[in-house]
Amino acid sequence: MPYGKKDLPYPYNQDLVGIVTRIKGVRESTRAALVNSLKVASYLKAGVNLVEQNLGPSPSSSISSADSRYAYWSGFQFLSERSLMREAATLDPPYLRQKGVGPYRSTWASHDDYLSDLLAFQFHAINYAPKYGTEMGSRGHLLSTADSLVEAVKRSAYHELQAILRMPQFRLQLIVSATADLNDGIHNSIANNYAAALEPWMRIYESTLAARGLRLRNGVTMRQFVDMLAAITEGFAIRQLGDPNAGILGEPESNLAGMAILGIIDAYTEPIVKSGN
């Protein structure tokens, strides 16, 4: 049974023009067709599989010393060309099972070009897990409607921290951020990823403050407020990854991230004073 682009799961069935930009092709029409082909989607899927296997909650340790000579950055041995070829040869339909290096090298001029496209794809807004979006909506509802804002913040922070720790993209972003040159174009992809992640939280915080009769103090913007809370959460996630026995995560009612976020809320919000009072 022949498969087409529409048979692929989300987000591989989306238009990747403007995301995948490093493939070969003299004519623009040829490149545009290749970008949205099963072939490119399959190589992206193979790379994403390797990221999830090696940067997920239970990382794999299948990297051989022979692969290290293909490493792009020191933290990317698992994304060597050889590892990618092995993974691409195991894909199931509707992806194409690619064998040998011929199809790969006819699509990207170099392994660095492929990695640039893979990272742009991974950090694009379309790759934000639908499940995470559902969980975020639930936490937003809790923040606005729970009897106790304090308890709601603690529980939301606890589950948000757990969600971040489960994301291979978060660990991938840490590696890329620490190793990319200052002017490396990958920073644009990371910036777009932050924009996609924080925009929904901005709406959640706006509705939460309104429901709780609070507003931001003069001189503090919602963007600054969201960035502060995101930085706190990510900082605790980094500490938890590096020092899991430090008790950072704790319990929902006593986790440190929740306590820190409550401190920010207390410092930068105030009750809305109704006119006439």
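How many of the eight residues of helix α3 (residues 81–88) are buried? The close-ups below start there. This is a predicted model in which local features need pLDDT of at least 70, side-chain atom pairs count only at pLDDT 80 or more, and totals for chains, interfaces and linings use all residues. Residues are numbered from 1 along each chain as its sequence is written, and side-chain values use heavy atoms, with hydrogens and water left out.

**View 1. Helix α3 is largely enclosed by the rest of the structure.** Six of its eight residues are buried. Buried means under 20% relative accessible area, exposed means over 50%, and partly exposed lies in between (1.4 Å probe, protein chains only). The six are Glu81, Ser83, Leu84, Met85, Glu87 and Ala88. They pack against α2 (38–55), α4 (102–105) and α5 (111–122). Helices (H or I, at least four residues) and strands (E, at least two) are DSSP runs, numbered from the N terminus. Contact means heavy atoms within 4.5 Å.

View 2. The axes of α7 (residues 149–166) and α10 (residues 222–242) come within 10 Å and cross at roughly 60 degrees. Axes are lines fitted to C-alpha atoms, for helices over the stretch in contact, and angles run from 0 to 180 degrees between N-to-C directions. Angles under 35 degrees count as roughly parallel, over 145 as roughly antiparallel, 65 to 115 as roughly perpendicular, and the rest as oblique. From α7, Glu160, Leu161, Ile164 and Leu165 meet Thr233, Phe236, Ala237, Gln240 and Leu241 of α10. By class, this contact has six nonpolar, two polar and one charged residues. Ala, Val, Leu, Ile, Met, Phe, Trp, Tyr, Cys and Pro count as nonpolar, Asp, Glu, Lys and Arg as charged, and the others, Gly among them, as polar.

**View 3. Helices α8 and α9 are also oblique to each other.** The axes of α8 (residues 168–179) and α9 (residues 186–211) come within 10 Å and cross at roughly 140 degrees. Gln173, Val176 and Ser177 in α8 meet Ile186, Ile190, Asn193 and Tyr194 in α9. The class count here is four nonpolar, three polar and no charged residues.

**View 4. Arg217 sits in the loop between β1 (214–216) and α10.** Arg217 is partly exposed, with a relative accessible area of 34%. Its C-alpha atom is separated by 5.5 Å from that of Tyr268, 51 residues apart along the chain. The side chain of Arg217 reaches the backbone oxygen of Ala267 at 2.9 Å.

Methods:
A polar contact is a pair of N or O atoms within 3.5 Å; within protein, one must be able to donate a hydrogen and the other to accept it, and residues adjacent in sequence count only if both atoms are side-chain atoms.
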